[in-house]
Amino acid sequence: MSKEYNIAVIPGDGTGPEVVAEGIKVLNSVAEKCDFKLNFTHYGLGGEHYKATGEILPEEVLEPLAASDAIYLGAIGHPDVKPGILEKGLLLKLRFDFDQYINLRPVKLYEGVMTPIKDKGPEDIDFVVVRENTEGLYVGAGGCLKRGTADEVAVQTSINTRKGVERCIRYAFEFCRNRNKQKKLTLCGKTNVLTFAFDLWERAFYEVAQEYPDIETDYAHVDAICMWMVKNPEWFDVIVTDNMFGDIITDLGAMIQGGMGIAAGANINPEGVSMFEPIGGSAPKYTGRQIINPIAAISATQLMLETMGELKAASLIEQGVIKVLRDDLKDVAAGKMGYTTQEVGDLVTDYIKTSIDL
Ligand code: IPM
Ligand code: MN
């Protein structure tokens, strides 16, 4: 009997539903080709649901989500909802509640895609950021005093636990070993200023490194990382960093790989349920116009299948993405692709259907 997976789908806000529809199309075609079955359950959460009901992530939804094999998320963010409410109540809550302690973000420039970095090509831009995803400044530790007065005080604390830091670093070493490219892991920190938090990170990093003599280790401050990502992106293989720095450097990473329309990420709990998403936002102004690029959402399905162990199917999706970016799309930007959102999904699907490469 063929394998069966239950996928929970949260299309979310804005263009989320449009790109997720293309990801599902691609997943179905690859499942047929590779002989496994996917069952999708949709959850209508997001800005519209919140506006209509006041509900963000009802407790009764957490149970079926936890029981699923993966969560597929479109985008969260609604122009009528104050920033922070949906992000914290839905996206961050899912990451934290399901202990998805790894945020894996590949930065890979595919052939045919324009990078703003002069004289750099696909052979230079191919690395992965392993971002800690459940601690740091994101835990919401802090508060304010005398808000709105001349004496106000705001405190926001970065929490770094030995356990949380070490499991993230260990994951990055393992990932770097299995990736088997430069076999180099760079710790991105700020040991010259954040002398408590990154002291812990640095000690854990070099202690765990003892177990991985085959992996070269390197360290750079986060500001220098930004500089090197532009000047010498070929130096990087795998970068491991905390939640906040990982958030920031992966937007830079998305730009050097061609833009938000093609950058995907995975929120991984290696022992539990993981969640996959295009890393761009909900792009409300493009909603319903079928001009947004679905490649990021499609590449997120590749990460999903890799995490579930369906490696052939994942590779087939990547081959399809490579082909479409190289041969078909005029540009990766919304409205400039030369195809509609649906047509881009069809192009990837057609490649998968006609592929004899199995
Ligand atoms: C991301 C996003 C989120 C983050 C926001 C929407 C809370 O920017 O996934 O990178 O900061 O993690
Ligand atoms: Mn971000």
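Helices are DSSP runs (H or I) of at least four residues, strands (E) of at least two.

The model is predicted, with pLDDT of at least 70 needed for local features and 80 or more for side-chain atom pairs. Residues are numbered from 1 along each chain, and side-chain values use heavy atoms.

The whole structure holds 24 salt bridges, each a side-chain nitrogen of Lys or Arg within 4 Å of a carboxyl oxygen of Asp or Glu. The table gives some of them.

| Pair | Closest N to O |
|---|---|
| Arg 131 and Asp 247 | 3.7 Å |
| Arg 179 and Asp 237 | 2.7 Å |

Arg 131 in strand S5 and Asp 247 in helix H8 are 116 residues apart. Arg 131 is buried at 1% relative accessible area, while Asp 247 is partly exposed at 24%; buried means under 20%, exposed over 50%, and partly exposed in between (1.4 Å probe, protein chains only). Arg 179 and Asp 237 are both buried. Asp 199 and Arg 203 lie 4 residues apart in helix H6, so about one helical turn separates them. Asp 199 is partly exposed at 33%, as is Arg 203 at 42%.

Technical notes: Chains lettered and ligands numbered in written order.
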